[in-house]
Amino acid sequence: IELIKEAKENNDLVVIIRDVHTEESVEHRRFGGALHCIKGTGEEELIDELRPYEEEAITFEKNSTSFMFAKGFIPMLEEMENLGIIPDVSHLSDKGFYDVLKASKKPFVASHSNSREICKHPRNITDDMIKGIADKNGIIGLNYCNSFLADNYDSKKGIDIQAFIPHIKHIVNIGGEDCIGLGTDFDGIDYSPIQIGKILTI
């Protein structure tokens with residue numbers, strides 16, 4: 001928490017926290033500019049400590065099969081919405097997704113997920129999920145990871161950037177053009193389409 005406060009006071013650009021319990025994880029994810037994104041495990045007391053530092057997005061990190069209600073996340077979700085924080089469901093289980101869909105009163109995002117109809121990766125989202133996000137006026141950010149784009153590809157050859165097109169068409173067909181964006185996930189993937197490469201080469 002102290003590192004978060006320091007980052008905010010110093011106008012640091014991005015702080016991404018994968019494990020809110022360790023200072024090392026905070027420090028490891030520090031970059032320059034304003035505090036932007038916090039990825040946590042969902043303990044309610046965290047929200048109380050972060051209330052003075054409310055920001056744009058928070059991700060529920062645990063991709064378990066447990067219901068969000070059983071985990072006590074819903075009071076946290078309500079408080080996030082009160083603070084103007086946008087939930088990100090890209091790392092949630094299917095059950096967790098539907099708990100957020102049921103309980104949320106404001107838009108939420110899947111910041112780096114593609115269509116599961118096109119590619120069966122479990123972190124991609126179903127047509128019903130696409131519709132649910134679109135109905136909430138949320139956003140789906142395309143994931144650039146090869147394994148999220150195509151089920152079968154030659155890892156030695158990679159895949160072509162054209163692999164995005166079926167996902168884009170399908171998501172737009174289900175949810176409309178206003179629900180789709182670019183998510184990349186550059187901080188969490190090893191391989192993307194051959195024309196893109198890695199973030200350092202762009």
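Reader: Are α7 and α9 roughly parallel or oblique to each other?

Author: This is a predicted model. In it, α7 and helix α9 (residues 164-175) pack with their axes 8 Å apart, at an angle of about 60°. An angle counts as roughly parallel under 35 degrees and as roughly perpendicular from 65 to 115. The two helices α7 and α9 are therefore oblique to each other.

Reader: Which residues in α9 meet α7?

Author: α7 passes α9 in a right-handed crossing. From α7, the residues in this contact are Asp127, Ile130, Lys131 and Ala134. The residues of the contact of α7 with α9 divide into four nonpolar, two polar and two charged. On the α9 side they are His170, Ile171, Ile174 and Gly175.

Reader: Are α6 and α7 roughly parallel or oblique to each other?

Author: The axes of helix α6 (residues 94-103) and helix α7 (residues 127-135) come within 11 Å. They cross at roughly 25°, and angles under 35 degrees count as roughly parallel. So α6 and α7 are roughly parallel to each other.

Reader: How many residues of the contact of α6 with α7 are nonpolar?

Author: α6 passes α7 in a left-handed crossing. Asp94, Phe97, Tyr98 and Leu101 in α6 meet Asp128, Met129, Gly132 and Ile133 in α7. The residues of this contact include one polar and two charged, and the nonpolar ones number five.

Reader: Is asparagine 114 buried or exposed?

Author: Asparagine 114 lies in the loop between β4 (109-110) and α7. Its relative accessibility is 0%, and the cut-off for buried is under 20%. Asparagine 114 therefore counts as buried.

Reader: Which residue has a backbone oxygen that the side chain of asparagine 114 reaches?

Author: Leaving aside residues up to four places away in sequence, asparagine 114 touches several residues, among them Asn143, Phe148 and Ile171. Its side chain reaches the backbone nitrogen of asparagine 143 at 2.7 Å. The backbone oxygen that this side chain reaches, at 3.1 Å, belongs to phenylalanine 148.

Reader: What percentage of the residues of the protein chain count as buried?

Author: The protein chain has nine helices and six strands. Among its contacts between residues at least 6 apart in sequence, 56% join residues at least 24 apart. Of the 202 residues of the chain, the part that counts as buried is 47%.

Conventions. Residues numbered from 1 in each chain as written. Predicted model: local features only at pLDDT ≥ 70, side-chain atom pairs only at ≥ 80, totals over all residues. Heavy atoms only, no water. Axes fitted to C-alpha atoms, helices over the stretch in contact; angles between N-to-C directions. Helix = DSSP H or I, 4+ residues; strand = E, 2+ residues; numbered from the N terminus. Parallel < 35°, antiparallel > 145°, perpendicular 65-115°, else oblique. Left-handed = near helix turned anticlockwise from the far one by under 90°. Contact = heavy atoms within 4.5 Å. Nonpolar A, V, L, I, M, F, W, Y, C, P; charged D, E, K, R; others polar. Buried < 20%, exposed > 50% of the residue type's maximum accessible area, 1.4 Å probe, protein only. Polar contact = N/O pair within 3.5 Å; in protein donor to acceptor, adjacent residues only side chain to side chain.
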